[in-house]
Amino acid sequence: MFKHLLVPVDGSDVSKKSLKKVAALAKADGAAVTLVYVSDPTPPMVYSDSTMGYGISKKQHTEACQAYAKDVFKKSTTALGAGAKVKSLHIENSNLSEGILAGAKKAKADVIVMASHKRTGIKGVLLGSETHEVIVHSTLPVLVLG
């Protein structure tokens, strides 16, 4: 049915769990998979992993994002299994849904396959839904995995 799946990944448990379903779908259709990771191009004011925060340059932030994306791609590719036709795409965009849509266009995908965090109630209102934003603004079909 689909020949090129765009799959946003972020290293979260929800993202990891969805990869088994993506692998089955890709295998059934003989589809290629492009994994996309979207990072914010602007470094935060301060990184803090201890009681002492520290500033970071744009270059350091870019390098950290690229290293994290590489790790996420490696783990995601392994989860998809041997034989999968996998490419990866790191997009820098401060808006996650826009980054995903730009990735789909750049990869020339014919469907976006996303995991849903299933936020409901007040969490859904406060945190919003990137999946919803992608669905609303996409010209491609969007398959949401639960």
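**Ground rules.** I'm working with a predicted model, where local features need pLDDT of at least 70, side-chain atom pairs count only at pLDDT 80 or more, and totals for chains, interfaces and linings use all residues. Numbering starts from 1 along each chain as its sequence is written, and side-chain values use heavy atoms, with hydrogens and water left out.

**Second largest pocket.** I looked up its volume and got about 160 Å³. A pocket here is an open set of points on a 1 Å grid over the protein atoms alone, where a 1.4 Å probe fits, with protein on both sides within 12 Å along at least five of seven lines. The volume is the space filled by probe spheres set on the points, which are joined across faces, edges and corners. Lining residues (an atom within 4 Å of a point) include A23, K27, G30, L80 and K85. Which helix gives the largest share of the lining? Helix α1 (residues 13-29) does, with four residues; helices are DSSP runs of H or I, at least four residues, numbered from the N terminus. By class I get seven nonpolar, three polar and two charged lining residues, with Gly counted as polar.

**α1 against α2.** Next I checked α1 and helix α2 (residues 58-80): their axes come within 8 Å and cross at roughly 50°. Axes are lines fitted to C-alpha atoms over the stretch in contact, and angles run from 0 to 180 degrees between N-to-C directions. That makes α1 oblique to α2, as angles under 35 degrees count as roughly parallel, over 145 as roughly antiparallel, 65 to 115 as roughly perpendicular and the rest as oblique. The crossing is right-handed, meaning the near helix is turned clockwise from the far one by less than a right angle. L19, V22 and A23 in α1 meet S76, A79 and L80 in α2 (heavy atoms within 4.5 Å). That contact has five nonpolar, one polar and no charged residues.

**α3 against α5.** Helix α3 (residues 96-107) and helix α5 (residues 130-137) pack at about 50°, axes 9 Å apart. So α3 is oblique to α5. I noted a right-handed crossing here too. This contact has four nonpolar, two polar and two charged residues.

Methods: Helix = DSSP H or I, 4+ residues; strand = E, 2+ residues; numbered from the N terminus.
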